[in-house]
Amino acid sequence: MQKFFLVITALLVSLTASAQRYIFTHDDTLRGSITPQRAWWDLTFYHLQVRVNPTDSTLSGSTTIHYNVLKAAQELQVDLQRPLRMLKVEQDGQELPFRQDGDAYFVTLKKGQQPGKKESVVVHYSGKPRVAKRPPWDGGVTWSRDSTGHWFIATSCQGLGASAWWPCKDHMYDEPDSMLISVTVPKDLKDVSNGRLRRVVENNDGTHTFDWFVSNPINNYGVNLNIGRYINWSDTLQGEKGQLDLSFYALPEHEAMARKQFQQAKKMLRAFEHWFGPYPFYEDGFKLVETPYLGMEHQSSVTYGNKFRNGYLGRDLSGTGYGMLWDFIIIHESGHEWFANNITYKDVADMWVHESFTNYSENLFTEHYYGKAAGAMYVIGTRHNIRNDQPIIGTYGVNKSGSGDMYYKGGNMLHTIRQLVSNDERWRQVLRGMNKQFYHQTVDGKQIEDFMIQQTGIKLQKVFDQYLRDTRVPTLEYQVTNGQIKYRWTNCVAGFDMPVRVCLNEAGPSQNLKPTTQWQTLKAAKATALTVDANYYVLVKRSAGL
């Protein structure tokens with residue numbers, strides 16, 4: 001994503017120093033592991049109440065955390081990142097003692113916590129939250145102004161964690177079943193958050209409070225605030241589960257551009273329902289919301305800052321021309337509704353489950369409207385963005401993602417697997433089945449690998465090991481000798497045996513080979529060269545004789 005323009009990988013390049021070079025800290029473990037103080041309780045519901053004070057860039061409020069007791073314990077972990085401060089914690093109206101350890105607070109419960117019981121605590125907090133330096137990659141709160149000088153504020157916190165701006169159980173493995181978000185802002189501003197707007201309460205102090213209810217499970221970084229002088233309009237889509245309510249929010253000065261550009265949301269929804277199954281949050285509707293930063297996949301409240309242009313800020317990331325036929329942020333960030341918000345990783349080390357599939361969704365959107373060859377050209381064209389610097393899978397238990405290659409390399413891995421399936425409808429049913437099997441669930445990456453192996457009936461484990469856990473690009477080495485072609489896989493993991501489609505000579509008919517890491521021989525009297533179908537993300541190397 002760097003090199004001035006290269007996309008989304010910048011975030012992850014900045015996050016992904018090699019685990020061998022990175023010294024993990026106690027704070028990393030508290031943030032990234034399922035600590036004993038997290039494991040004993042199951043999160044069921046949040047009520048977040050937050051007052052946003054633009055004049056001094058502060059937040060204040062509380063989170064009521066509802067939970068089921070899984071086993072007896074007396075200490076509960078709540079996360080809140082500095083410089084925000086926890087002020088008070090209560091249970092059943094009784095104030096509780098707590099201690100701070102970095103960005104984690106450990107609350108001592110006075111009441112016995114009995115397995116099977118439903119309980120709650122109220123956490124009060126205030127302070128100046130972390131200011132986003134380069135949102136959404138280096139996130140926090142963005143305090144900006146629109147062209148008329150009015151406040152234009154938004155949150156973004158993937159990787160950083162929701163505890164950067166509100167107290168929560170800041171680990172991805174546990175999600176609430178539903179959530180109420182109450183946001184108080186000055187009366188000249190509106191807040192747009194996740195789910196459906198239940199009411200707006202007019203206060204006596206020059207503010208009003210917006211109550212948004214999310215009726216589905218939601219991951220913590222998917223919760224968001226978007227505050228500005230919004231105008232909005234609505235639409236509907238007859239989708240696979242019936243009528244889906246659509247809402248669009250933009251600044252008044254951008255209304256005309258937004259009304260035109262946001263029409264792409266319907267095309268996106270039709271394409272992705274075809275490929276992935278029903279939109280996962282019909283009960284909460286779909287919103288597209290203008291923000292002062294590029295955009296992110298906030299659940300049912302997708303944020304947008306692509307300047308109402310096609311491509312990625314007006315550029316085609318594939319270099320093929322197809323990326324200029326649609327708006328990158330509308331398509332990519334909305335694709336996360338299926339992969340990130342419906343199917344959510346338990347540990348950020350498996351972030352490829354979000355990003356590889358969503359990168360691949362760009363290919364499928366292109367194919368849906370411009371044909372299979374166009375989709376293939378698009379995903380193949382993105383290969384120039386692959387770095388092969390670190391493995392795609394990160395380090396577990398310490399909030400450490402892997403290489404930014406989870407985008408383009410991950411997308412090309414999935415495109416390669418599609419070639420192995422060699423049946424487009426079967427492949428589509430694998431993708432749809434995945435969203436049904438793991439509907440509203442948190443998963444680890446191995447579950448997704450095992451599901452694809454089982455559903456395709458193909459031995460894909462070495463493929464996953466190669467592309468997710470290794471940095472090398474598998475290379476089909478071959479020799480032409482005495483009317484024969486000898487071939488094998490090199491530059492690969494042990495036992496790599498992925499089938500591949502090849503042509504003997506550039507214009508020859510295609511055929512399937514089943515190379516291993518051992519030399520094999522194919523009779524080909526007139527062959528002078530071997531080429532691999534470009535849909536496979538591999539290299540080809542011609543070598544001298546044995």
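Modeller: Here are a few questions and answers about cysteines, strands and charged side chains. This is a predicted model, where local features need pLDDT of at least 70, side-chain atom pairs count only at pLDDT 80 or more, and totals for chains, interfaces and linings use all residues. Residues are numbered from 1 along each chain as its sequence is written, and side-chain values use heavy atoms, with hydrogens and water left out.

Biologist: How many disulfides are there?

Modeller: A disulfide is a covalent bond between the sulfur atoms of two cysteines. Here it is counted when a pair of cysteine sulfur atoms lies within 2.5 Å. The cysteine sulfur closest to that of Cys157 belongs to Cys168, and because 8.1 Å separates them, they are too far apart for a bond. By this rule the count is zero.

Biologist: Is Cys168 buried or exposed?

Modeller: Buried means under 20% relative accessible area, exposed means over 50%, and partly exposed is in between (1.4 Å probe, protein chains only). Cys168 has a relative accessible area of 1%, so the word for Cys168 is buried.

Biologist: Which residue of β2 is the bridge partner of Trp41?

Modeller: Strands are DSSP runs (E, at least two residues) and helices are DSSP runs too (H or I, at least four), numbered from the N terminus. Two strands pair if DSSP finds at least two bridges between them. β1 (residues 41-53) and β2 (residues 58-69) pair in the antiparallel sense over 12 bridges. Within β2, the partner of Trp41 is Val69.

Biologist: What is the nearest side chain of opposite charge to Glu337?

Modeller: Lys and Arg count as positive, Asp and Glu as negative, while His and the chain ends are not counted. A salt bridge needs a side-chain nitrogen of Lys or Arg within 4 Å of a carboxyl oxygen of Asp or Glu. Glu337 is buried yet has no salt bridge. At 8.4 Å, the nearest side chain of opposite charge is Lys287.

Biologist: How many salt bridges does the structure hold?

Modeller: One of them joins Asp450 and Lys446, at 2.7 Å from N to O. Another joins Lys266 and Asp235, at 3.2 Å. The total for the structure is 30.
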